Amino acid sequence: MKTKIFYLAVMLAILAGTNIVFAGQNDVYIIQVADAISPGTADFIKSGIKTAEENGAACVIIELDTPGGLAESMRLIVQNILASKVPVVVFVYPGGARAASAGVMITMAADVAAMAPGTNIGAAHPVGAGGKEIDKTMSEKVINDMVAQAKSVAEKRDRNAKWVEDAIRESVSVTETEALKENIIDLVATDTDDLIKQLNGREIKDRGILKLDDVKKVTIKETLRTKILKTISNPNIAYILMMIGLAGLYFEFSHPGAIFPGVIGAIALILAFFAMQTLPVNYAGILLIVL
């Protein structure tokens with residue numbers, strides 16, 4: 001009977017898109033992000049941190065390699081990192097990786113920020129969709145807003161707030177050695193194992209001392225739900241969905257009663273609005289069920 005209940009719980013968790021991790025306490029949980037920052041990425045990191053909290057992890061390591069992404073998704077990730085009950089370490093890894101644009105803010109929000117040799121961080125000047133320049137008035141508002149948030153996060157983590165402002169206003173970028181020298185990051189590590197060794201015994205502000213002797217690394221895998229959300233969140237896919245949605249609605253209005261083009265168009269538009277951070281995933285899901 002217990003076995004049946006166990007398997008039923010596993011199946012329900014899979015259908016709900018829950019990250020299932022069977023591990024003991026005091027393990028190091030690893031979240032690998034090698035993509036643009038999108039609603040799907042934000043959801044993946046949020047669920048990963050929640051899983052680590054529920055399993056009593058010693059800390060979470062986010063292995064980051066990103067060219068940047070949506071500002072709203074970045075803000076959600078920063079909020080989840082700052083609110084995390086377990087220490088969060090952001091590690092720009094592997095060699096050749098970068099934490100550009102939105103990745104700068106995510107790195108700054110971490111309890112411990114680290115980079116691997118041959119990586120870089122910076123170039124956080126905001127741009128519009130498709131890399132287009134924002135008009136002057138709006139650009140000033142967006143930049144000032146981002147600078148205020150960035151400086152607040154950097155000061156909270158005792159990091160170089162002046163450099164973060166320059167990264168946003170002037171698009172400056174630095175290597176891992178320069179970042180360590182300028183108090184932008186805390187550590188330079190060759191790989192994850194080296195990082196864990198350096199973290200062991202380290203005192204984290206308001207968190208206590210990390211005890212990582214003989215810990216096990218637990219990599220949180222992307223669920224099917226996460227993979228679908230990340231695919232839909234791709235900017236190229238989002239624009240295609242937007243075009244399909246507009247075309248479907250136009251055909252429906254031109255030929256009333258066809259129904260099929262209108263439904264397909266509406267579904268495509270809902271997915272596009274989710275990808276562009278206009279609709280939260282829960283609202284998008286409700287509307288899709290109604291359709």
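Strand E2 has both faces covered: Cys-59, Ile-61 and Glu-63 are buried on one side, and Val-60, Ile-62 and Leu-64 on the other. Buried here means under 20% relative accessible area, with exposed over 50% and partly exposed in between (1.4 Å probe, protein chains only). Six of the six residues of E2 are buried, so the strand is largely enclosed by the rest of the structure. The model is predicted: local features need pLDDT of at least 70, side-chain atom pairs count only at pLDDT 80 or more, and totals for chains, interfaces and linings use all residues. Residues are numbered from 1 along each chain as its sequence is written, and side-chain values use heavy atoms, leaving out hydrogens and water.

Strands (E, at least two residues) and helices (H or I, at least four) are DSSP runs numbered from the N terminus; two strands pair if DSSP finds at least two bridges between them. E2 runs parallel to E1 (residues 28–33), joined by six bridges, and Val-33 has Leu-64 of E2 as its bridge partner. With E3 (residues 88–92), E2 pairs in the parallel sense over five bridges. Val-60 stands opposite Val-88 in E3, and Leu-64 is the bridge partner of Val-92.

The open sheet has six strands in the order E8-E5-E3-E2-E1-E11, with parallel pairing. E8 (187–188) and E11 (217–219) stand at the edges, each with a single partner strand, so one side of each lacks a neighbour in the sheet.
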